[in-house]
Amino acid sequence: MIDDSVPAPSLPGLPFVAGQIILYGIDLNDAHGITHLDVGMAGKAELQIKLASGVGITGSTVLAYGYAFEGHCYRLDSNRIFVVTGPHAEPAAGCGFDKDLGYKMWRLTASSQILEISTAFGDARTLILDAQLPGKRSPSSYAITLRMAHRNGRLSND
């Protein structure tokens, strides 16, 4: 049975890893381990990302499209960039990601530490001022108050 929504199988000879996440995407690193990102200035400038370590830690800058968890495949709502350290990239298998198209996969545990790089390009008004308008802020930035019912039935914000 062949189904695009079946994730990659576990590696032969290794034990089952509960909570394993398979991240699908492409490796943005060049041959020297440097990632080049366009910053919207039409070839005049670029952002370069390189993981530097004095103790030999290596990593990949991954443009992620989807992931698999507990036997199911999921697509990310938008492409996301992660720096993944530890596991090496494998040729992609499963979930409709074809290794012939350049996709790779990284096997992570749920407790793996990764770094997400959020990218946005625009003017200061859009990225700073407009992003802080009500309804566009993250829920954690709003004040949280508790309303309690007193014995006499009044509600207050105290």
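**Sheet, salt bridges and surface**

Tutor: Let's start with strand 1 (residues 20-27) and strand 4, which run antiparallel and are joined by 7 bridges. Strands here are DSSP runs (E, at least two residues), numbered from the N terminus, and two strands pair if DSSP finds at least two bridges between them. This is a predicted model, where local features need pLDDT of at least 70, side-chain atom pairs count only at pLDDT 80 or more, and totals for chains, interfaces and linings use all residues. Residues are numbered from 1 along each chain as its sequence is written, and side-chain values use heavy atoms, with hydrogens and water left out.

Student: Which residue in strand 4 does D27 stand opposite?

Tutor: Look across from D27 into strand 4. The residue standing opposite is V62.

Student: Which strands are the edge strands?

Tutor: The open sheet has 6 strands, paired antiparallel, in the order 6-7-1-4-5-8. An edge strand pairs on one side only, and that gives strand 6 and strand 8 (114-117).

Student: How many salt bridges does a search of the whole structure find?

Tutor: Side chains of opposite charge can pair when their charged atoms come close. The cut-off here is a side-chain nitrogen of Lys or Arg within 4 Å of a carboxyl oxygen of Asp or Glu. With that, the search of the whole structure finds 2.

Student: How many residues apart in sequence are the parts that E116 and R80 tie together?

Tutor: E116 and R80 form a salt bridge, with their closest N and O atoms 3.0 Å apart. E116 lies in strand 8 and R80 in strand 5 (residues 72-85), so the parts this pair ties together are separated in sequence by 36 residues.

Student: And is E90 buried or exposed?

Tutor: E90 sits in strand 6 (residues 90-91), and its side chain meets that of R107 in a salt bridge (2.9 Å, N to O). Buried means under 20% relative accessible area, exposed over 50%, and partly exposed in between (1.4 Å probe, protein chains only). R107 has 14% relative accessibility, so it counts as buried. At 19%, E90 also counts as buried.

Student: What is the accessible area of the nonpolar patch formed by L51, V55 and I57?

Tutor: V55 is in the loop between strand 3 (46-50) and strand 4 (59-69), and its relative accessible area of 72% makes V55 exposed. Patch residues have over 30% relative accessible area and no salt bridge; like charges are joined within 9 Å, nonpolar side chains (Val, Leu, Ile, Met, Phe, Trp, Tyr) within 5 Å. Areas come from the Shrake-Rupley method with a 1.4 Å probe; for residues, only the protein chains shown count as cover. Together, L51, V55 and I57 have about 290 Å².

Key:
Helices (H or I, at least four residues) and strands (E, at least two) are DSSP runs, numbered from the N terminus.
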